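User: I'm new to this structure and would like to learn how to read a few of its features. Could you walk me through them?

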Amino acid sequence: MTFVSKLRAREPLVGTWVALSDPAIAEISAQLAFDAVMIDAEHSTNSIETVTEMARAVDAADADTDTDPGAIVRLSENDPTEIKRTLDAGVDGVMAPMIDSPEDARALVEATRYPPEGVRGVGYGRGTEYGEAFPEHLERANDETLALAQIETESGFENVEEIAAVDGLDGLFVGPADLSAALDLFGETDGDEFLEAVDRVLEAGHAVDKPVATLAFEEDEIERWVDRGFDFVLAGVDIDYLQRGGRRAKAAFEDAVGQSE
């Protein structure tokens, strides 16, 4: 099974988040047998060229693992031109930020689908093997392309049941920092009020048998979100891995120096 089919079946999956711009980070992440690599194109310097190289890097790691890691791109906005160009890069799907309404969700779905189901333009890109995969690509792409909606605003939260029910939308994503800020609860992600909001998003997705994903950092946070019912957890961000690893190494050196004196 592919990552997309496993996510749609609501199997428990783990991914990692890549914001730094070196494709080697995406390749290493895939080699570590994460189910998916989320490539950030919103809060990063990643261009469409960088995203394309990262997709190549994830695909290159397939031969070295027993998994088939998915490559998903968090878009900078819910824009049909950006969606078209991103999918042409050969990724498995996209996640759009700031989905405030069912109309936004329908626009996202339509932008990921070729006519007559959607409005995606047909082009020669990596996703079509530069035209060599026509017409097979057109026959299967609508069924195999993932579309996720990020619930991170007050409007998105208030409309979450209607958003989740949009036909063709594959799932929801809760960004704890963004949603807590939108609900005037920034940083209170372990408080009862925020957890009640999380439960509402989970219930909205699961009521229509769609997966719900989130981002976690610490081990206890990962465990909490899994226990809460999230289907797909992005377990950390490359920037955080680098910072924590660096701090541990520096602290180990300082301890060693202290013991030798």
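This is a predicted model: local features need pLDDT of at least 70, side-chain atom pairs count only at pLDDT 80 or more; totals for chains, interfaces and linings use all residues.

User: Where does threonine 145 lie?

Analyst: Look in the loop between helix H6 (136–144) and strand S5 (146–151).

User: Is threonine 145 buried or exposed, and why?

Analyst: Buried means under 20% relative accessible area. Threonine 145 has 8%, so it counts as buried.

User: Which residues is threonine 145 in contact with, leaving aside its neighbours within four places in sequence?

Analyst: Among them are Arg8, Leu87, Asp92, Gly93 and Asp170.

User: Now peptide bonds. Which residues does a cis peptide bond join?

Analyst: Omega is the angle to check here. Proline 115 and proline 116 are joined by a cis bond, with omega about 10°. Another cis bond runs from phenylalanine 134 to proline 135, where omega is near -5°. Proline 116 lies in the loop between helix H5 (102–112) and H6, and proline 135 is in the loop between H5 and H6 too.

User: And phi? Which residue other than glycine has a positive value?

Analyst: Tyrosine 130 is one, with phi near 60°. You'll find tyrosine 130 in the loop between H5 and H6. Alanine 33 also has a positive phi, near 70°, and belongs to the loop between helix H2 (23–31) and strand S2 (36–40).

User: How exposed is alanine 33?

Analyst: Partly exposed, at 34% relative accessibility. Tyrosine 130 is partly exposed as well, at 48%.

Definitions and conventions. Residues are numbered from 1 along each chain as its sequence is written. Side-chain values use heavy atoms; hydrogens and water are left out. Helices (H or I, at least four residues) and strands (E, at least two) are DSSP runs, numbered from the N terminus. Buried means under 20% relative accessible area, exposed over 50%, partly exposed in between (1.4 Å probe, protein chains only). Contact means heavy atoms within 4.5 Å.
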